[in-house]
Amino acid sequence: MSYEAERKELSDAMVGCKVPAIQAAVNKAHDNGMPATEIINAMSAGMTEVGTLFERGRLFLPHVLSAAAGMKSAMDILGPELAANSEAASSRGTVVMGTVEGDVHDIGKSICSTMLQCAGFDVHDLGRDVPSQNFIDEVKGGCNYCGMSALMTTTMVVMKDIIETMKAEGIRDKVVVMVGGAPVTQAYCDKIGADIYGESASETTEKAKARA
Ligand code: B12
């Protein structure tokens, strides 16, 4: 099934920026059998549209915050299905995930964490605005994947600094470094010497599984 109508309703509800309407659209799509991962992808597209409208001055901060709250509440609704479909019989690896220092955007990072967890990874999600040293400490503590999220051009440089510190401390080869967030690209990933660039949570999960 293509779930075209549900996709549009989810995206429209996100752009409407009202939590009850977002929850209603999620429940409806879920009841119609749309898989949780597809619902999340449709909502992410809606959130990107919210971002564009915000940039154009057509939506304001309260709208963005409300859409973000709607996205988070959808993860609560879909959590049980994601957990039920989890491939977590045995761990594929241990991942430290976080949004880099100076950056509080955590919606996309949290979606990636949830999907990685459901794919069988043991995920240590450190949250947002994470001090760089904490990523390093987790890798030293045994994490074999390190996922860093940055949503601003001013904070994406922190990823490079962390990779350089890993090299200086001799731990770079022990870890698969994953980078993502709206301004991050495959070219940037290659430039700073990371291993995986993920444009979406599903792409991130597939690429991480391929390295497990
Ligand atoms: C929501 C939002 C906020 C919310 C954040 C709420 C939250 N809890 O996250 C609030 C309102 C708090 C906020 C604050 C600010 N924001 Co803001 N925000 C956004 C907005 C509109 C959407 C971001 C989002 O959630 N997208 C939806 C998610 C699902 O997508 P995503 O994050 O890209 O994640 C997907 C992929 O990228 C990938 N991914 C994500 N992380 C990772 C990690 C790994 C390892 C991998 C592999 C993949 C991966 O998978 C995800 C899921 O598919 C963007 C606009 C945009 N176009 O991105 C601006 C935007 C990022 N914000 C911006 C700015 C400037 C700010 C503020 C500085 C505003 C201000 N003047 O105060 C502050 C930041 C303060 C700080 N120190 O961080 C700018 C950044 C510009 C720049 N310099 O690059 C943007 C681009 C808007 C703009 N053009 O002005 N913001």
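Leaving aside neighbours within four places in sequence, L10 is in contact (heavy atoms within 4.5 Å) with A25, V26, A29, M34, I39, A42 and M43. This is a predicted model, in which local features need pLDDT of at least 70 and side-chain atom pairs count only at pLDDT 80 or more, while totals for chains, interfaces and linings use all residues. Residues are numbered from 1 along each chain as its sequence is written, and side-chain values use heavy atoms, with hydrogens and water left out.

L10 and M43 touch the most other members of the largest nonpolar core, which has 43 residues. Two or more residues of this core come from each of α1 (4-16), α2 (19-31), α3 (36-55), α4 (61-84), β1 (94-99), α5, β4 (176-180) and α9 (201-211). The core lies between domain 1 (4-84) and domain 2 (94-211), because both give residues to it. A second, separate core of 26 residues includes V100, M166, I171 and Y188. A nonpolar core is here a set of buried Ala, Val, Leu, Ile, Met, Phe, Trp, Tyr and Cys residues joined through side-chain atoms within 4.5 Å. Buried means under 20% relative accessible area, exposed over 50%, and partly exposed in between (1.4 Å probe, protein chains only). Helices (H or I, at least four residues) and strands (E, at least two) are DSSP runs, numbered from the N terminus.

The protein chain is divided into domain 1 (4-84) and domain 2 (94-211), with bounds that come from an automatic or database domain assignment. The centres of the two domains, taken over C-alpha atoms, are separated by 24 Å. Eleven residues from domain 1 and seven residues from domain 2 take part in the contact.

**Helix α5**

Helix α5 covers residues 107-118, twelve residues, and reaches 17 Å from its first C-alpha to its last, close to the 16 Å expected. The expected span is 1.5 Å times one less than the number of residues. K109, I111, C112, S113, M115, L116 and C118 are the buried residues of α5. After α5 comes G120, with a positive phi near 100°.

**Ligand surroundings**

Around the ligand there are 35 residues, of which V104, H105, D106, S149 and T153 come nearest; a residue is counted if one of its heavy atoms lies within 4 Å of the ligand. The table gives polar contacts, that is, pairs of N or O atoms within 3.5 Å.

| Residue | Protein atom | Ligand atom | Distance |
|---|---|---|---|
| G102 | backbone N or O | nitrogen | 3.0 Å |
| I107 | polar backbone atom | oxygen | 3.5 Å |
| R128 | side-chain N or O | nitrogen | 3.4 Å |

**Backbone and exposure details**

Most residues other than glycine have a negative phi. Y3, although not a glycine, has a positive phi of about 55°. Y3 lies in the segment before α1 and counts as buried at 11% relative accessibility. C17, also not a glycine, has a positive phi of about 60°. C17 is placed in the loop between α1 and α2 and is buried, with a relative accessible area of 5%.

A187 belongs to helix α8 (residues 186-192) and is exposed, with a relative accessible area of 55%. The C-alpha atoms of A187 and Y197 are separated by 9.0 Å, the two residues being ten residues apart along the chain.

Conventions
Polar contact = N/O pair within 3.5 Å; in protein donor to acceptor, adjacent residues only side chain to side chain.
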